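User: I have a model open and would like to talk it through with you before I write anything up. Could you take my questions as they come?

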Amino acid sequence: MSEKWVYVMVIVACNATGDLLNAYGMRQQGRVMDFHPSALRRLIRKLAHNRYVIGGVIAMAVAFFALLSLLSIADLSFAIPATSASYLIETVLAKVILREEVHWQRWLGAFVVAGGVALLSI
Amino acid sequence: MNWYIRGLALAVVFFNVTGNYFLSVGMRSLGPMISAAPLDYIRAIFHPMVLLGIVLLIGWLISQLSLLSWADLTFVLPITALAYVIAAVLGALVLHEHVSAWRWTGVALIGIGVFVVSHTKARTAPVPNGDKQP
């Protein structure tokens, strides 16, 4: 398997892991309703102790640096369509792991957005 | 869709588009980075445009996490893809970039996806550790 596809797999896996962990962590956290600077500082301090959000942010950072590395050896026209698969993979994982109700509108939305993102690089 | 969700979705899109724009302008003004030396990256971080981009992307992370406290991941992902649409429209109108017919088709598809998903219930998943939601 070429190096490019290894990076694509790392990006898709880390994006999915990061989003799933952040979604779970924030659901556990409760709704954020106060957006004053002091309240946001308290929120950040609280999230710094939420292991799901910490894991999610680390996974997203790995995905970001893997994307930078992929872009150094591949064109954007390869990177964007290849990583747009994230939308479909994360929809499946959110249904199975996070037990979200994914009705036909959400499937349609995920397919259409993934297709749209893939077309952006042409 | 309630006003918190609308406002947070707009904040996510705004911080994403502006953060990536300033990051890209800053990195381009620094020229190509031919080495992977950590010092080059540290120097890049202190470029004013790159720094502004990073601050805006921290805003993106906080608004994205806040939106996830209100809505499902399968709701948030397609909705925030609106950032691609805004970036393409701004690129064409403000920066006078050439946007191909294929790209406009992609933008239209994302717009349809956002419209379809925005008409679904934002939160369907069970809340762990008891219900902290008001």
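User: How many residues does α6(A) have, and how far does it reach from its first C-alpha to its last?
Analyst: Bearing in mind that this is a predicted model, α6(A) has 16 residues and reaches 22 Å from its first C-alpha to its last, which is close to the 22 Å expected at 1.5 Å a residue.

User: Which residues of α6(A) are buried?
Analyst: The buried residues of α6(A) are A:R106, A:G109, A:A110, A:V112, A:V113, A:A114, A:G116, A:V117 and A:L119.

User: And what do those buried residues pack against?
Analyst: In chain A the buried residues of α6(A) pack against α4 (76–83) and α5, and in chain B they pack against α4, α5 (82–93) and α6.

User: Which residues is B:I110 in contact with, leaving aside its neighbours within four places in sequence?
Analyst: From chain A, B:I110 is in contact with A:V113, A:G116 and A:V117, and from chain B with B:A81, B:Y84 and B:V85.

User: How many residues are in the largest nonpolar core, and which have the most contacts inside it?
Analyst: The largest nonpolar core has 58 residues, and B:A81 and B:I110 are those with the most contacts inside it. Helix α1 (residues 3–29) of chain A gives the most to this core, contributing eleven residues.

User: OK, on to the contact between the chains. How many residues does it take from each?
Analyst: The contact takes 38 residues from chain A and 37 residues from chain B. On the side of chain B that touches chain A, the elements giving two or more residues are α3 (48–68), α4 (73–80) and α6 (101–118) of chain B. Of these, α6(B) gives the most, with eleven residues.

User: How do the residues on that side of chain B divide into nonpolar, polar and charged?
Analyst: The side of chain B that touches chain A divides into 22 nonpolar, twelve polar and three charged residues.

User: Why is α4(B) described as largely enclosed by the rest of the structure?
Analyst: Eight of the eight residues of α4(B) are buried, so this helix is largely enclosed by the rest of the structure. The residues concerned are B:L73, B:T74, B:F75, B:V76, B:L77, B:P78, B:I79 and B:T80.

User: Is B:P48 buried or exposed? And B:Q64, buried or exposed?
Analyst: B:P48 has its place in helix α3 of chain B, and it is exposed because it has 10 other C-beta atoms within 10 Å. B:Q64 is also placed in helix α3 of chain B, but B:Q64 is buried, with 21 other C-beta atoms within 10 Å.

User: How far apart are the C-alpha atoms of B:P48 and B:W70?
Analyst: The C-alpha atoms of B:P48 and B:W70 are separated by 34 Å, with the two residues 22 residues apart along the chain. For B:Q64 and B:A125, which are 61 residues apart along the chain, the C-alpha atoms are separated by 17 Å.

User: Switching to chain A, where does A:R99 lie, and what is its phi near?
Analyst: A:R99 lies in the loop between α5 (86–96) and α6 (104–119) of chain A, and its phi is near 55°, a positive value in a residue other than glycine. Most residues other than glycine have a negative phi. A:R99 is exposed, with 12 other C-beta atoms within 10 Å.

User: What share of the contacts with a separation of 6 or more comes from residues 24 or more positions apart in chain A, and in chain B?
Analyst: Such residues account for 83% of those contacts in chain A and for 77% in chain B.

User: Last topic, confidence. What ipTM and pTM does the predictor give the complex, and what is the mean pLDDT of chain B?
Analyst: The predictor gives the complex an ipTM of 0.89 and a pTM of 0.87. The mean pLDDT of chain B is 85, and 89% of its residues reach 70 or more. Over residues 130–134 of chain B, however, the pLDDT is below 50, and this stretch has six contacts in the model beyond near neighbours in sequence. Where pLDDT is low, the predicted coordinates should not be read in detail.

Methods: Residues are numbered from 1 along each chain as its sequence is written. Chains are lettered from A and ligands numbered from 1 in the order in which they are written. This is a predicted model: local features need pLDDT of at least 70, side-chain atom pairs count only at pLDDT 80 or more; totals for chains, interfaces and linings use all residues. A nonpolar core is a set of buried Ala, Val, Leu, Ile, Met, Phe, Trp, Tyr and Cys residues joined through C-beta atoms within 7 Å. A residue is buried if 20 or more other C-beta atoms lie within 10 Å of its own, exposed if 12 or fewer, and partly exposed in between; C-beta atoms are placed from the backbone. Helices (H or I, at least four residues) and strands (E, at least two) are DSSP runs, numbered from the N terminus. Two residues are in contact if their C-beta atoms, placed from the backbone, lie within 7 Å. Ala, Val, Leu, Ile, Met, Phe, Trp, Tyr, Cys and Pro count as nonpolar, Asp, Glu, Lys and Arg as charged, and the others, Gly among them, as polar. pLDDT is the predictor's confidence in each residue, from 0 to 100. The expected span of a helix is 1.5 Å times one less than its number of residues.
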